[in-house]
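Reader: Please examine one part of this structure closely, and describe how the pieces around it are arranged.

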Amino acid sequence: MRTIRFILAFALLLPVIACNAQTTRKASNAVTSGKVEAYYFHFNARCMTCKTVEAQAKADIESLYPELVKTGKVSFKAVNLDEAEGKAIGDKLGVNGQTLLLVRGEQKINITNEGFMYAVSQPDKLKAVIKEKVDGLFKM
Amino acid sequence: MNEFFTNILENSSMPWLSALALGLMTAISPCPLATNITAIGFISKDIKDRNRVFINGLLYTLGRAITYTGLALIIFFGADQFKFSGFFQRYGEKFIGPLLIIIGLFMLDVIKIKFPGMSQLTAKMQNKTRWGYFDAILLGLVFALAFCPYSGVLYFGMLVPMTVASASGLYLPAIFALATGIPVIVFAWVLAYAVSGIGGVYQKVKSFELWFRRIIAVLFILVGIYYMIRVYF
């Protein structure tokens, strides 16, 4: 039992050690563009809700803006932060964790909370939020 | 059920109620269920004593509360919230799998390591009953760090902003922790109650507790393997 106690205590200290060992990354400038880009950032391990958030957001973008999606003025991209390419995009946009993000030029709107609150049980609400935010970004 | 809690979140003007709803949403989501099952097993290990199981459950919840409050305090005092939450979302699940397997193997006595110079100190610890209680707190402290993607968003995305908005919100992680611990406390206690109900049969089978602990050890290993497969394969 005492060995288990030591293992648990060590596990508790691990994040402190690792966090201090991490180098500070400077947030670089955001992607500059006139179009609206929706990003869903995730890691390798994904829960059911996470997958639903991605699928729902993608479907909403495509059904709300079919023409703009075709012309490339609105896009949706799922990004894996556990892959080098995904990490680079995350660094560029200042994203470290699971995030649903709308980007237009320097403007960024984080709708992760809304995604996780509504995607499973009230998808219509998520759709309304996406529409409101994307329309708002185009007006800026 | 989730819709019910979402409605509470949207309509509540009372932060404590929102924290409670967030905690219950975390507790009932499939994601942290595996660690909850393991925790139920661990805190029921003193199954012959119902009160002890209940106290273990409360102490496990206290451990969770310390972690959740500690993390919120670190952010409150200026740590970069996004970097911090990213770190725990990235590594939380990755460390819990191997950890559970190692603990399980130690519980089964498959691995035995003697730390040099530690034996006298730990022998003293072992002799004191209060160190038995300390295990439950330690488990709560560690398990609360194992954020899965969903609970990570609920905690870092919703609870922490409410908590760090002002110093008066620093009690909210404790309510969140209590809500995440309630199902564990209830199930462990029901389990202990049911087993003690068997009464005579249980008393006669003296090796029952030993076997129960072995089952818990196997449970740790299985849940650990589940997390390893989920994260690494």
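Author: In this predicted model, Leu139(B) touches Leu8(A), Ala39(B), Phe42(B), Tyr60(B) and Gly63(B), leaving aside residues up to four places away in sequence. Leu139(B) also belongs to the largest nonpolar core, which has 98 residues; together with Leu159(B) and Phe176(B), Leu139(B) touches the most other members of that core. The largest share of the core is contributed by helix H9 of chain B, residues 172-197, with 11 residues.

The packing of helix H8 of chain B may be taken next. Two packed helices are described by the angle between their axes and by the distance between those axes. Helix H5 (residues 81-107) of chain B packs against helix H8 (residues 149-164) of chain B at an angle of about 165 degrees, and their axes are 9 Å apart. Since angles over 145 degrees count as roughly antiparallel, H5(B) and H8(B) are therefore roughly antiparallel to each other. The crossing in which H5(B) passes H8(B) is right-handed. On the side of H5(B), the contact is made by Gln81(B), Ser85(B), Phe88(B), Gln89(B) and Gly92(B), and on the side of H8(B) by Pro149(B), Gly152(B), Phe156(B) and Val160(B). Of the residues in this contact, 4 are nonpolar, 5 are polar and none is charged.

H8(B) also packs with helix H4 (residues 50-76) of chain B, here at an angle of about 60 degrees and with the axes 10 Å apart. H4(B) and H8(B) are therefore oblique to each other. Their crossing is right-handed. H4(B) supplies Ala72(B), Ile75(B) and Phe76(B) to the contact, while H8(B) supplies Val160(B), Thr163(B) and Val164(B). The residues of this contact divide into 5 nonpolar and 1 polar, with no charged residue. Val160(B) takes part in the contact with H5(B) and in the contact with H4(B).

Asn80(A) lies in strand E2 of chain A, which covers residues 74-80. Asn80(A) has 17 C-beta neighbours inside 10 Å and therefore counts as partly exposed. Leaving aside residues up to four places away in sequence, Asn80(A) touches His42(A), Asn44(A) and Gly86(A). Between Asn80(A) and Val36(A) there is a separation of 44 residues in sequence and of 20 Å in space, taken from C-alpha to C-alpha.

Definitions and conventions
Residues numbered from 1 in each chain as written. Chains lettered and ligands numbered in written order. Predicted model: local features only at pLDDT ≥ 70, side-chain atom pairs only at ≥ 80, totals over all residues. Axes fitted to C-alpha atoms, helices over the stretch in contact; angles between N-to-C directions. Helix = DSSP H or I, 4+ residues; strand = E, 2+ residues; numbered from the N terminus. Parallel < 35°, antiparallel > 145°, perpendicular 65-115°, else oblique. Left-handed = near helix turned anticlockwise from the far one by under 90°. Contact = placed C-beta atoms within 7 Å. Nonpolar A, V, L, I, M, F, W, Y, C, P; charged D, E, K, R; others polar. Core = buried A, V, L, I, M, F, W, Y, C linked by C-beta atoms within 7 Å. Buried ≥ 20, exposed ≤ 12 C-beta atoms within 10 Å, placed from the backbone.
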